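Visitor: Could you walk me through this entry, piece by piece?

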Amino acid sequence: KNKTSRMMRFERRFTLLYKRLASSAFLLLDWGIISSRGGGVFAYNVGAKPAFPRLSFGNNIKRNRRFSTTAAARATATALFSSNPKISISDAYDGGNIDYSVNHDISQSDQQSATVLQVALKIKPDPYTELEKKNHFQYFSFRSTVGGGAAVPTQVSYSIENAGDASYAEAWDEFTVFYSTSLNDPDSWRRKLNTEYKNGKLVWSHEHSGNGGSVYFCYFPPFSYDRHLQLIEKCSEYAKIESLGHSLDGRDIECVKVGSGDRTCWIIHRQHPGEHMAEFFAEGLLTRLLGLDANGAVDGLIHKLLKMYTFYIVPSMNPDGAIRGHLRTNACGANLNREWTDNSSEGYKAPTAERSPEVLAVLNKMDQVGCDAFIDVHGDEGLPYNFLAQAAVPNWGARLESLHGAFLAAYCRANPDMQQTYAYEAVQFQQGDNLNIASDQIAARFDCLSVTLEMPFKDCWSNPDPERGWNPARARKLGASVVDSLVYIHPYLRSANEFWNDLPEQDSYVVPTSKYK
């Protein structure tokens, strides 16, 4: 009876001690053994049958049936406070972008009394854009490492504090953050389904394991410059590689030339460097065109296609911005997709060697070889669909409208991840409009089929996959399947006849809407 009474007093004292100290670590109190786990971290088990406790703490404290609770408290406190989890945030890698200037706070979970870290972050802005007079930002990518001796999982709550000031703040709705433990494996990334946008902040939580490993979080899985160089190297085995010029930081603007057909097709990617899905699209396209996954062996449709077209493919228009972790601009702050001609109303000259040599190099080459079909590949923050945006040019009419409609319809048949209903609202050219967007400039300059292809940062609602959302693998497949629609549209590209009168109903142009909700 006396022993039970002493046990009850001990339990009350130790429970009070636990409540005071549990905010610093996870405590295990097993009525039978109190022991250090993994370098002085305790866990707590309240379900064991009460028995006279024995204390074991390395070789420093021996079993003692008449031990002091003060000594136990001292040993416990030492273990607890030496095991505070620590977090390290870094964006110091190719394409990284985050500002970790706000320290984290430590709070306590009501359910498990485990440590919870509250981490406040900010996205770093692109350089100032002279033409648009703003600093764009939305893309982020960072590494988070939780350590400090904690041998149990640590819950971390992340908050991007300036999300409400981003270039497309309204696009955070329905978006889910990507995460992976393998930065360079594009197919390892999954989505944080607990992502929320509220009160101008993008928030999510993640349970980090107790082994001190790293987890990466991002807006979209990165296509690194190293991966880009490897892609170019592979292509060089089966196609001609030409450097059209250099970026502001001196990187090559590589162009892959393949095919011998009578129609010239240009496909450019990643004018906006944060739109990594665009270069995954290029990777899928080039893999199919050149048989990169089969030692150069290609399917019968590709054999046919390469006799129809001569392709000029630029996998990355903006390598400098990609490495720097920018959303929309190059090294000096130029939005390349607003650099395709002068803006006379602003007295703005473009493209120039000083501000946008990447566009200048490509446009010069296009003027040399011509263009019969043009695709500019991007990612879109807002719409949860793949779509084609049409050109707004003075020469828009039945011919260009029909080419657009037939090409898009054929693409939808080849890959149902493409669709016709939702896109940017169709805009008609008005006198005085500036043709500084790539697809507008090329449609007017060469009187040809010219589209902007957009892929979502969100999930693709045509074929939803919440766990992965729109992802690198599907972007590669969408790139591979564009060849089917190019084969279909080839006879009409420079037809002198009014071919649109004979197109089947399924190829009709569909007026799109951006209202998807």
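Guide: Let me begin with terms: two strands pair if DSSP finds at least two bridges between them, and the helices (H or I, at least four residues) and strands (E, at least two) are DSSP runs, numbered from the N terminus. This is a predicted model, in which local features need pLDDT of at least 70 and side-chain atom pairs count only at pLDDT 80 or more, while totals for chains, interfaces and linings use all residues. Residues are numbered from 1 along each chain as its sequence is written, and side-chain values use heavy atoms, with hydrogens and water left out.

Visitor: What does the secondary structure come to?

Guide: The protein has 10 helices and 17 strands. Of its 517 residues, 54% count as buried, where buried means under 20% relative accessible area, exposed over 50%, and partly exposed in between (1.4 Å probe, protein chains only).

Visitor: Let's take S13. Which strands do bridges join it to?

Guide: Strand S13, residues 263-269, is joined by six bridges to strand S14 (residues 309-314) and by five bridges to strand S15 (residues 373-380). S13 and S14 run parallel, and S13 and S15 run parallel as well.

Visitor: Which residue in S14 is the bridge partner of Ile268?

Guide: The partner of Ile268 is Val314 in S14, while Trp266 has Phe374 in S15 as its bridge partner.

Visitor: How many of the seven residues of S13 are buried?

Guide: Six of the seven are buried, which leaves S13 mostly covered.

Visitor: And helix H9, how many of its nine residues are buried?

Guide: Seven of the nine residues of H9 are buried, so this helix is largely enclosed by the rest of the structure. The buried residues are Ala438, Ser439, Asp440, Gln441, Ile442, Ala443 and Phe446. Their cover includes H7, S15 and S17, with a contact meaning heavy atoms within 4.5 Å. Just after H9, Asp447 takes a positive phi of about 50°.

Visitor: Changing topic: how many disulfides does the count come to?

Guide: Zero disulfides are counted, the rule being a pair of cysteine sulfur atoms within 2.5 Å. As for individual cysteines, Cys235 is buried at a relative accessible area of 0%, and Cys255 also counts as buried, at 2%.

Visitor: And how many salt bridges?

Guide: The count comes to 29 salt bridges, each being a side-chain nitrogen of Lys or Arg within 4 Å of a carboxyl oxygen of Asp or Glu. One of them joins the side chains of Glu174 and Lys458, with an N to O distance of 3.2 Å. That pair links distant parts of the chain, 284 residues apart: Glu174 sits in the loop between strand S5 (154-160) and strand S6 (178-180), and Lys458 in the loop between strand S17 (449-456) and helix H10 (472-489).

Visitor: Is Lys458 buried or exposed?

Guide: Lys458 is buried, with a relative accessible area of 2%, whereas Glu174 is partly exposed, at 34%.

Visitor: What does Asp417 form a salt bridge with?

Guide: Asp417 forms a salt bridge with Arg474, and the closest N and O atoms are 2.8 Å apart. Asp417 lies in the loop between helix H8 (398-414) and helix H9 (438-446) and Arg474 in helix H10, so the pair ties together parts that are 57 residues apart in sequence. Asp417 is buried at 10% relative accessible area, and Arg474 is buried at 14%.

Visitor: What about Arg355, which residue does it form a salt bridge with?

Guide: Arg355 forms one with Glu339, the closest N and O atoms being 3.6 Å apart. Both residues lie in the loop between helix H6 (319-324) and helix H7 (357-369), so this pair ties together parts that are 16 residues apart in sequence. Arg355 counts as buried at 17% relative accessibility, and Glu339 is buried at 1%.

Visitor: Which residues are linked in a network of salt bridges?

Guide: Asp187, Arg227, Glu283 and Arg476 are linked in such a network.
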